[in-house]
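Reader: I have a structure open and would like to go through it piece by piece. Can we start with the charged side chains?

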Amino acid sequence: MRSAANLAEFGIIAPNRAHNIGLLTKLIEDEDFEELPAVARHALRYLVEQLREVKTKLFRIHRDLMAVVKRSDACQRLMTIPGVGVVTATALVSSMREPSDFKSGRHFAAWLVWSMWLRG
């Protein structure tokens, strides 16, 4: 995250994980935190606003994808595979042809690799 890098310039460092952005956000908004110059605090508030907007949008996307999963038996079955979550299952189901079009799992895997390669 860019805000984390900006704060590192002032010696404020948090571990590189998305959930730690909340810690940095609190420091940016804390007027009593004197290690952060006022000018930097002012500029970083715009980044905090952007992070909150992205978080809200990601929540909405996840909510919408979960609604798709609830209506799709194929998505629900795919999500029983370890490592396959909401995003992978919905992406696969939405882009896949009819399963009966494939002679075997190997043919499906080849199609999947080929289609991913074409999309770049």
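**Charges, cores and rings**

Author: A search of the whole structure finds 3 salt bridges, a salt bridge being a side-chain nitrogen of Lys or Arg within 4 Å of a carboxyl oxygen of Asp or Glu. This is a predicted model, in which local features need pLDDT of at least 70 and side-chain atom pairs count only at pLDDT 80 or more, while totals for chains, interfaces and linings use all residues. Residues are numbered from 1 along each chain as its sequence is written, and side-chain values use heavy atoms, with hydrogens and water left out.

Reader: Which residue forms a salt bridge with E29?

Author: That is R52, and the closest N and O atoms of the two are 2.8 Å apart. The pair links distant parts of the chain, with E29 in helix α2 (residues 21-29) and R52 in helix α3, 23 residues apart. Helices here are DSSP runs of H or I with at least four residues, strands are runs of E with at least two, and both are numbered from the N terminus.

Reader: What about R45, which partner does it have?

Author: R45 forms a salt bridge with E31, and their closest N and O atoms are 2.1 Å apart. This pair also links distant parts of the chain: R45 is in helix α3, E31 is in the loop between α2 and α3, and they are 14 residues apart. R45 is partly exposed, with a relative accessible area of 30%, whereas E31 counts as exposed at 52%.

Reader: And where is the closest N to O distance for R63 and D64?

Author: The salt bridge between R63 and D64 has its closest N and O atoms 3.6 Å apart. R63 counts as partly exposed at 44% relative accessibility, and D64 is partly exposed with a relative accessible area of 44%.

Reader: Now R41. Is that one buried or exposed, and what is the nearest opposite charge?

Author: R41 is buried yet has no salt bridge, and the nearest side chain of opposite charge, E31, is 4.1 Å away. For charge, Lys and Arg count as positive and Asp and Glu as negative, while His and the chain ends are not counted.

Reader: Which helix is R41 in, and what does it touch?

Author: R41 is found in helix α3, residues 38-71. Leaving aside neighbours within four places in sequence, R41 is in contact with L27, I28, E29, D30, E31, F33 and L36, where contact means heavy atoms within 4.5 Å. A polar atom of the R41 side chain lies 2.8 Å from the backbone oxygen of I28.

Reader: Change of topic. How many residues has the largest nonpolar core?

Author: It has 7 residues: V69, C75, L78, V84, V86, A89 and L92. A nonpolar core is a set of buried Ala, Val, Leu, Ile, Met, Phe, Trp, Tyr and Cys residues joined through side-chain atoms within 4.5 Å. The elements giving two or more residues to this core are α4 (73-78) and α5 (86-95), and α5 supplies the largest share, 3 residues.

Reader: What does V69 touch?

Author: Not counting residues up to four places away in sequence, V69 touches C75, Q76, M79, V86 and T90. There is also a second, separate core of 6 residues, which includes I28, F33, L36 and L44.

Reader: How many aromatic pairs are there?

Author: The whole structure has 3 aromatic pairs. Rings of Phe, Tyr and Trp (its six-membered ring) pair if their centres lie within 6.5 Å; planes under 30 degrees apart count as stacked, over 60 as edge-to-face and the rest as tilted. F102 and F108 form an edge-to-face pair, 5.2 Å centre to centre with 80° between the planes.

Reader: Why is the pair of F102 and W111 tilted?

Author: Their ring centres are 5.5 Å apart and their planes are at 55°, so the pair is tilted. F102, F108 and W111 form one aromatic cluster.

Terms used: Buried means under 20% relative accessible area, exposed over 50%, partly exposed in between (1.4 Å probe, protein chains only). A polar contact is a pair of N or O atoms within 3.5 Å; within protein, one must be able to donate a hydrogen and the other to accept it, and residues adjacent in sequence count only if both atoms are side-chain atoms.
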